[in-house]
Amino acid sequence: MRSRLRAEFGEAAYRSWLKPASFEFSGEDTIRILAPTRFMRDWIETQYGDRLLRLWSEENPKIVRLEIVHDGAAPERAATVPVVVSAPASDGAHNDIGAPLDPRFRFDNFVVGKPNELAFAAARRVAEAESVPFNPLFLYGGVGLGKTHLMHAIASHIRKTTPERLVIYLSAEKFMYQFIRAMRFKDTMAFKDQFRSVDVLMIDDVQFFSGKDNTQEEFFHTFNALVDHNRQVIISADKSPNDLEGMEDRMKSRLGWGLVADIHPTIYELRLGILQSKAEQMHFDIPPKVLEFLAHRITSNVRELEGALNRLVAYAKLVGRPIALDNTQEVLQDILRANDRKVTIEEIQKRVAEHYNIRLGEMFSARRSRAIARPRQVAMYLSKQLTERSLPEIGRKFGGRDHTTVMHAVRKIDELCALDSSFSEDVELLRRMLEG
Ligand code: ADP
Ligand code: MG
């Protein structure tokens with residue numbers, strides 16, 4: 001039987017988990033497995049329980065039950081309740097050390113745009129590759145931009161296409177919790193073994209390890225052991241490896257060895273795409289104008305965008321009225337206010353001067369040559385669009401100009417944008433930079 005187990009589970013898993021255990025009959029229909037620690041008992045049960053039972057009943061059809069007990073040396077722990085495997089175990093086999101996957105986070109409903117195309121491509125590559133294309137894959141970006149979504153999508157994809165590979169996904173927080181628990185139960189060996197026997201280890205939000213030296217140390221060793229054995233490691237964080245504070249330098253450097261892919265803040269097109277896709281999934285008719293309005297105004301992150309949409313739909317269902325611009329503004333007042341652009345005229349002047357390569361002082365100067373006057377007009381135009389300032393206020397900030405000058409600038413730029421698409425793209429680019 002031992003050789004069969006070795007063949008079935010592979011040398012590494014056999015040696016780590018099954019070899020140290022002993023097996024005995026317990027009555028006619030039950031096999032009892034004695035695991036040296038409680039931790040190993042749980043692990044054998046969740047990872048191998050149903051396969052073990054199947055193997056045994058193939059050998060001996062009388063066997064219908066598996067009893068897994070902890071056979072620890074400590075007398076107070078000797079009487080642990082046995083874990084019994086008798087029914088086919090559910091899909092949650094990895095849940096003991098990993099975290100469950102959210103079935104809503106898939107590749108097919110992840111909307112791709114400029115800000116996330118690299119991260120998306122890298123995630124797909126890792127999910128579809130048979131070998132390890134880069135190690136680790138390090139995904140980073142601000143909150144609510146889709147890191148966890150991509151991580152779950154990778155894990156689900158691998159589990160579906162190559163179920164024999166053991167994929168563990170968990171948050172850095174949960175990793176720490178498990179580590180601390182293992183230390184408390186003096187089970188760190190088992191802890192190490194269980195993480196080192198996986199094929200794909202995914203840890204979300206590793207910035208959580210900042211300043212937590214012991215956990216970081218353990219993670220570092222786990223990480224190295226896996227990478228050395230050519231197992232795929234996938235990490236996410238809110239910052240690039242180098243910018244992670246409270247991380248040891250050797251850790252930062254190691255994290256950056258593979259492919260580092262960042263998710264940038266969203267841009268208008270992506271936000272609109274996401275809204276359209278989500279509205280469609282919700283089977284709810286929302287006028288395009290409203291979606292465009294939301295994409296313009298809610299710029300913080302995708303989670304907020306989703307929240308706004310959910311609230312709108314809930315409202316519409318509740319009051320039974322169709323969604324339009326006016327009730328959108330009313331229902332989402334607080335979210336919209338929080339997302340109001342807080343760009344200042346000073347920032348606009350600085351950005352625009354840089355962009356056209358003129359001195360900042362020219363924004364206030366009296367010079368009228370076109371090379372200077374045009375950028376100045378663009379800055380006035382953007383000030384009108386992106387701030388709440390009135391025309392006279394804007395005029396004052398541009399070297400004490402009259403409000404009619406500002407009005408003229410706004411009209412002029414509008415005209416030029418309509419005539420010249422490359423000019424209009426340029427202005428749009430500036431606007432986005434300022435909004436972002
Ligand atoms: P993060 O982990 O980076 O904080 P999440 O992955 O939790 O962000 O994303 C927040 C929410 O936004 C999730 O509901 C996720 O499905 C959604 N989301 C983020 N980016 C996209 C995208 N590109 N397409 C579709 N949904 C997205
Ligand atoms: Mg996340």
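# Buried residues, ring pairs and a ligand shell

Reader: Why is Leu291 called buried?

Author: Leu291 has a relative accessible area of 6%. A residue counts as buried under 20%, as exposed over 50% and as partly exposed in between (1.4 Å probe, protein chains only). Leu291 belongs to helix α12 (residues 288-297), helices being DSSP runs of H or I with at least four residues, strands runs of E with at least two, both numbered from the N terminus. Its C-alpha atom is 7.2 Å from that of Gln276, 15 residues away along the chain.

Reader: What kind of model do these values come from?

Author: The model is predicted, with local features requiring pLDDT of at least 70, side-chain atom pairs counted only at pLDDT 80 or more, and totals for chains, interfaces and linings using all residues; side-chain values use heavy atoms, without hydrogens or water. Residues are numbered from 1 along each chain as its sequence is written, while chains are lettered from A and ligands numbered from 1 in the order in which they are written.

Reader: What makes Thr266 buried?

Author: Its relative accessibility is 9%, so Thr266 also falls under the limit. Thr266 sits in the loop between β9 (259-263) and α11. The C-alpha atoms of Thr266 and Leu145 are 7.6 Å apart, although 121 residues separate them along the chain.

Reader: How do you know which residues surround ligand 1?

Author: A residue is near a molecule or strand if one of its heavy atoms lies within 4 Å of it. There are 18 residues around ligand 1, and the closest are Val111, Gly144, Thr148, His149 and Glu306. The shell consists of 7 nonpolar, 7 polar and 4 charged residues.

Reader: What makes the approach of Val111 to ligand 1 a polar contact?

Author: A polar contact is a pair of N or O atoms within 3.5 Å; within protein, one must be able to donate a hydrogen and the other to accept it, and residues adjacent in sequence count only if both atoms are side-chain atoms. A polar backbone atom of Val111 lies 2.8 Å from a nitrogen atom of ligand 1, so the pair meets the limit. A polar side-chain atom of Asn116 is 3.3 Å from a nitrogen atom of the ligand, and a backbone N or O atom of Leu145 is 3.3 Å from an oxygen atom of ligand 1. Of the 550 Å² of accessible area that ligand 1 has on its own, the protein covers 93%, by the Shrake-Rupley method with a 1.4 Å probe; for residues, only the protein chains shown count as cover.

Reader: Why is the pair of Phe175 and Phe195 called tilted?

Author: Rings of Phe, Tyr and Trp (its six-membered ring) pair if their centres lie within 6.5 Å; planes under 30 degrees apart count as stacked, over 60 as edge-to-face and the rest as tilted. With centres 5.0 Å apart and planes at 55°, Phe175 and Phe195 form a tilted pair. The pair links helix α7 (residues 172-184), which holds Phe175, to helix α8 (residues 188-196), which holds Phe195. Phe175 is buried at 0% relative accessibility, and Phe195 is buried at 0% as well.

Technical notes:
Nonpolar A, V, L, I, M, F, W, Y, C, P; charged D, E, K, R; others polar.
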